[in-house]
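User: I am new to this structure and would like to go through it step by step. Could you take me through some of its features?

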Amino acid sequence: MARWRLRGGRRGWAAAWVALCLVAGAAESPVAVTDAEMQAVYDEVKTPCKYGVVLAPDKSKGEMFDNPMVFRHGDAWYMMFIRFDGKGYETHLAKSDDLLAWKRLGCIFRRGAKGTWDSAQADGWPALVDMDWNGSNRLNTFNGKYWMMYLGGSAEGYETDPLSTGVAWTDDPSAVREWTRYADNPVLSPLDADARPFERKTIYKHYTVEDPSRRLGARFVNYYNAKQQGEWTERIGMAVSDDMLHWRRYGDGPVVCNTGALDHGICGDPMVRKLGDLYVMFYFGFRWENKGGTAFDTFAVSKDLVNWRPWRGAKLVEASEPWDRQHAHKPWVIKHDGVVYHYYCAVGDQGRALALATSKPVASVKRIP
């Protein structure tokens with residue numbers, strides 16, 4: 001690892017940290033993403049038309065919803081999402097025929113048994129989604145299984161630290177039944193001896209892709225946001241695997257962080273798609289300029305899966321409506337029939353709900369709670 005000769009006190013340390021965020025873990029010299037390419041990505045993925053809430057929680061039951069995750073299976077669309085019931089997370093499933101009207105189906109991933117490491121939290125994300133921007137939006141299999149990475153924890157509450165990473169699988173992601181847990185979970189933990197400084201308090205959400213070229217020396221690449229000890233700061237790092245079960249951290253530090261305010265802020269909940277020869281990571285930001293404000297969605301672009309250039313232009317979604325006046329964040333972005341659908345967690349007058357913005361106006365339908 002390069003030795004940094006720092007001058008200028010705090011400013012020097014800040015400059016070094018920015019550089020680390022940009023180059024940490026690089027396998028080769030980065031290929032620059034141009035201004036024109038950044039603008040072209042924004043023009044392709046922007047979603048200025050807010051449709052509204054597509055799944056609303058029952059606030060009388062203390063429900064909150066998080067993290068809409070949409071994929072195609074068979075002849076229908078499915079959404080995995082997180083339900084908080086006042087005690088902790090569990091993972092649920094909904095179904096749609098048109099990407100607009102969603103019907104809840106039930107719980108597919110419950111909290112673990114009493115006394116286990118994930119007895120209070122079970123928040124799963126589907127892995128190996130077709131990464132092609134113009135592709136099928138279906139889940140790919142490995143070893144005949146559909147895969148999930150999930151955060152788990154034994155402390156009740158909303159994302160109570162510490163949280164670690166587990167793996168699970170199923171033979172049918174559209175079925176309302178429990179996924180099978182890996183017996184040797186957790187596979188990544190903030191307590192691991194090789195945990196890096198930015199991830200030593202909690203590891204949050206994951207997005208796992210397959211890289212057939214194995215440019216990073218492994219078949220699977222996993223992006224996740226994590227929290228450091230001390231000041232609440234979240235950054236996005238990487239791990240790699242050959243079998244979806246055994247993961248090794250990649251690089252010395254995060255690959256995406258808020259370079260505008262180095263000592264606080266959040267970059268979280270990454271999702272990666274491939275547009276031509278560009279990789280686009282959608283993620284949310286919060287408290288970048290100060291310790292208040294509202295959360296929003298943005299993106300970064302890479303040509304090698306490691307070196308990411310953040311977009312510094314207009315936000316993809318941000319607070320503007322009664323249903324997302326507090327937060328509009330945690331993106332899941334797909335393209336279908338020429339329309340970009342940007343699902344996100346909206347915090348506003350309907351509580352913590354799931355909402356949608358699109359690249360062009362779509363037909364209004366009755367929204368199913």
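User: Let us begin with the hairpin of strand 3 and strand 4. Which residue there takes a positive phi?
Analyst: Gly-86 does, with a phi near 100°, and the hairpin has four residues between the strands. Strands here are DSSP runs marked E of at least two residues, numbered from the N terminus. Please note that this is a predicted model: local features need pLDDT of at least 70, side-chain atom pairs count only at pLDDT 80 or more, and totals for chains, interfaces and linings use all residues. Residues are numbered from 1 along each chain as its sequence is written, and side-chain values use heavy atoms, with hydrogens and water left out.

User: How many bridges join strand 3 to strand 4?
Analyst: Eight bridges join them, and the two run antiparallel, strand 4 being residues 89-96. Met-80 stands opposite Leu-93 in strand 4. Two strands count as paired if DSSP finds at least two bridges between them.

User: And what about strand 2?
Analyst: Strand 2 (residues 64-73) pairs with strand 3 in the antiparallel sense, over eight bridges. Val-70 has Met-79 of strand 3 as its bridge partner. In the hairpin of strand 2 and strand 3, two residues lie between the strands, and Gly-74 takes a positive phi near 65°.

User: Is strand 3 largely enclosed or left open?
Analyst: Strand 3 (residues 76-84) is largely enclosed by the rest of the structure, because nine of its nine residues are buried. Buried means under 20% relative accessible area, exposed over 50%, and partly exposed in between, with a 1.4 Å probe and protein chains only. Ala-76, Tyr-78, Met-80, Ile-82 and Phe-84 point one way, while Trp-77, Met-79, Phe-81 and Arg-83 point the other way.

User: Changing topic: where is Arg-249, and is it buried or exposed?
Analyst: Arg-249 is in strand 13 (residues 247-250), and it counts as buried because its relative accessibility is 14%.

User: Which side chain does it meet in a polar contact?
Analyst: The side chains of Arg-249 and Glu-199 are joined by a polar contact of 2.6 Å. A polar atom of the Arg-249 side chain also lies 3.0 Å from the backbone oxygen of Ser-189. A polar contact is a pair of N or O atoms within 3.5 Å; within protein, one must be able to donate a hydrogen and the other to accept it, and residues adjacent in sequence count only if both atoms are side-chain atoms.

User: How many disulfides are there?
Analyst: A search of the whole structure finds zero, a disulfide being a pair of cysteine sulfur atoms within 2.5 Å. The sulfur of Cys-267 is 6.5 Å from the closest cysteine sulfur, in Cys-257, which is too far for a bond. Cys-267 is buried, with a relative accessible area of 0%.

User: Finally, in what order do the strands of the open sheet run?
Analyst: The four strands of that sheet follow the order 6-7-8-9, with antiparallel pairing. Strand 6 (121-126) and strand 9 (180-181) stand at the edges with a single partner strand each, so one side of each is left without a neighbour in the sheet.
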